Amino acid sequence: MKNLVSQEKFLEYILSSMDETLILIDQELKIQYINPSGERLFGLEEVDYEGKHIYNEANFVHLPIDYNNKVLEEVLKTGEARKNVLRKTFTNRILSMNAVPLVEEGVKKGVLVTGKDVTDIVDIQNEIDMAFALTLPNTRVEYKLKNTVEYNDIYDPETKMITITGIIPDGGYRHVVNCLKLLSNLYQQGIAKIIGIDKDQLVQAFIFHDLGKSQPILSIGDVVDPKKVFEDSKLHAYRGAEIAKQFYSVHQDIVDIIYYHHHGEHELPDTFPWRLRPMHRLFQVVDGLSASITRGGGKVDFTVQDCTLTITEINHRPQYNGTWQIDLFTGKRTKLK
């Protein structure tokens, strides 16, 4: 490489060829560098921005109305990175950005911001959301789902505590959408052909199952005991079942699935019919995997063979990683790797 191009020129070529945005900000939140892709995204090709304060003098993005804690200030203060923060630029593009603190020998020197234009992806997601909203029984259900917060967290297996790393304001809505995406994937693989699995009932169960959920108010950085801070999940399941039954008159099978969706096999009463157990097991699998995707960015894959599901999961909690099988008829679970 030495004979081809100098190190300085090589770095310049890399920064100029990147499709991603890159911004370098010093410890006083003043802009030191923006690469050409970032200049195009923000419309800065002919603007003198170097040395300007990222918030006070160079307004590139629209900040939320309730924006009390600016992300870059938070990263400098805590020394911890923030990932996948969405912001709308004044050029009407949607930026997904990561902010990483620059620390040398314990001294915070600034923040490196990288980002990508996700406008097209967000537009597609908005179209999906609009289509999904048409399946909801009324705007009250949509309102409840979109105002049920979920949290990103990091779990410490030694202390059994979690650290809140992100807030998803419409987490309940995202969770249901992800449940239905997973169910659609399984449906394409023939899951609805299994005796005892009713796709339409499962769709309704997913829509209603968390309507009784009430979440604590937490902030990024909070370290809490999940068993003490979060309500026993069986309680919101009970409420969700009552809401579905009393306000929306859903089939009793759907009510039973919702009512017991946080019960283990050994906790189900003798009166719980065997015919509902395959669907109950499938509901729990999809519900759990959707929670992993929604709150932890998990990745999952399935195969369906007769009444057996094979599931591979990659999760930020190592204890959930791996491949396992569940027989929807017997309930037998087998860890493969």
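This is a short tour of one structure, stop by stop, for a reader with a viewer open.

The model is predicted, so local features are described at pLDDT of at least 70 and side-chain atom pairs count only at pLDDT 80 or more, while totals for chains, interfaces and linings use all residues. Residues are numbered from 1 along each chain as its sequence is written, and side-chain values use heavy atoms, with hydrogens and water left out.

**Stop 1**

Select residues 82–89, which are strand 4, together with residues 94–104, which are strand 5, and you will find the two paired in the antiparallel sense over five bridges. Strands here are DSSP runs (E, at least two residues), helices are runs of H or I with at least four residues, and both are numbered from the N terminus; two strands pair if DSSP finds at least two bridges between them. Within this pair, valine 85 stands opposite methionine 97. Four residues lie between the strands of this hairpin, and asparagine 92 in the turn has a positive phi of about 65°.

**Stop 2: two helices**

Next select helix 5 (residues 139–146) and helix 6 (residues 171–188), which pack at an angle of about 105° with their axes 5 Å apart. The axes are lines fitted to C-alpha atoms over the stretch in contact, and angles run from 0 to 180 degrees between N-to-C directions. The two helices are therefore roughly perpendicular to each other, a term used for angles of 65 to 115 degrees. Show the side chains of Glu142, Leu145 and Lys146 in helix 5, which meet Gly172, Tyr173 and Val176 in helix 6; contact means heavy atoms within 4.5 Å.

**Stop 3: a glycine in a loop**

Move on to glycine 298, in the loop between helix 11 (277–296) and strand 10 (299–305). Glycine 298 counts as buried because its relative accessibility is 9%, buried meaning under 20% relative accessible area (1.4 Å probe, protein chains only). Leaving aside neighbours within four places in sequence, glycine 298 is in contact with Ser292, Ile293 and Ile314.

**Stop 4: the cores**

Finally, select Leu282 and Leu309, the residues with the most contacts inside the largest nonpolar core, which has 46 residues. Such a core is a set of buried Ala, Val, Leu, Ile, Met, Phe, Trp, Tyr and Cys residues joined through side-chain atoms within 4.5 Å. Helix 6 gives the most to this core, with eight residues. A second, separate core of 23 residues includes Val85 and Val111.

Methods. Parallel < 35°, antiparallel > 145°, perpendicular 65-115°, else oblique. Buried < 20%, exposed > 50% of the residue type's maximum accessible area, 1.4 Å probe, protein only.
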